[in-house]
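Could you walk me through this structure in my viewer, one selection at a time? I am new to this, so please tell me what to select and what I will find there.

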Amino acid sequence: MDFHEKIAVVTGAASGMGFLFCKKLADLGGVAVLADVNGEAARSAADDICKNHPGHAVGIACDVRSYDQVSAVRDFAVERFGRIDLLVNFAGGAETRMLGVSGEFPDIPISVYDWGIDVNLKGQFYFGHAVMKQMREQKSGVIVNIGSITGEEGCAVNVAYSVSKSGVMNGLTKSLALYGAKYGVRCVCVSPGPVLTRPGMAAMKTAVGRAASPDEIVDMVLYVASDEGAFLDGVNILMDGGRNIMRNKD
């Protein structure tokens, strides 16, 4: 896969799979704009990438819940590099875990669920809307949304996360693909099952008997975004180790 001179905007890029994606993209010749709610961490992560690939990464602060901040990231990327070839929406997380809240669904404050929908659904929607304007103008681009097995299974507690991921995996991805087709813009969703980004994931059952490594998920995103994946459009790739086909799982 060759990403020479390709410009990518990546959300949630200061850590985890977002950061891993940016590092691998730079290894393949690409340039990453690392957007993260923690601007200092984003800039530090970009500096780390530039140690081996000077000029191939830059960090910027962005709260994906703010359309003004999302638009500012798009404008920054275009002003700095002249185009946006790739958008990858890694930013997200299960609301009760991220906000440190516990309880049953009706007892959890609605503000917690507002946060979950704003980050996991509206954040990807906002970036798709903002970046599509640039991709339409240049008549090319790839948008990769990030879903989750939870969007297929549902969740009794992190309801906003499940609802958001389901919306991203189907309605948002298909709609952006339908609109973007006449402008040469593809949109695909990659939906992981359990991934070894934190210890609890290892306990989730899969048909293959293990959780994925972060590299496996990131390599799929790279393939989808590359010229090798050019015939993929408007689809959700459920990369869950067969979890969704199992009858008994926890």
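Welcome! Keep in mind that this is a predicted model. Colour the strands to begin: seven of them form an open sheet in the order β3-β2-β1-β4-β5-β6-β7, and their pairing is parallel. Now select β3 (57–61) and β7 (236–239), which stand at the edges; each has a single partner strand, so one side of each is left without a neighbour in the sheet.

## Zoom in on one edge

Select residues 185–192, strand β6, together with β7: the two pair in the parallel sense over four bridges. Click on Cys-189 and then on Asn-236 in β7, its bridge partner.

## Visit the pockets

Which residues lie nearest the centre of the largest pocket? Select Gly-92, Gly-93, Ala-94, Arg-97 and Tyr-161 to find them, among 45 lining residues. The volume here is about 1,200 Å³. Elements that give two or more residues to this lining include α4 (95–99) and α7 (159–180), while α1 gives the largest share, three residues. Colouring the lining by type shows 21 nonpolar, 15 polar and nine charged residues.

Last stop: select Lys-6, Asp-85, Val-142, Ala-225 and Asp-227, which lie nearest the centre of the second largest pocket. About 210 Å³ of space lies there, and its lining divides into five nonpolar, three polar and six charged residues.

Notes:
Residues are numbered from 1 along each chain as its sequence is written. This is a predicted model: local features need pLDDT of at least 70, side-chain atom pairs count only at pLDDT 80 or more; totals for chains, interfaces and linings use all residues. Side-chain values use heavy atoms; hydrogens and water are left out. On a 1 Å grid over the protein atoms alone, a cavity is a set of points where a 1.4 Å probe fits but cannot get out, and a pocket is an open set with protein on both sides within 12 Å along at least five of seven lines; lining residues have an atom within 4 Å of a point. Grid points are joined across faces, edges and corners, and a volume is the space filled by probe spheres set on the points. Ala, Val, Leu, Ile, Met, Phe, Trp, Tyr, Cys and Pro count as nonpolar, Asp, Glu, Lys and Arg as charged, and the others, Gly among them, as polar. Two strands pair if DSSP finds at least two bridges between them.
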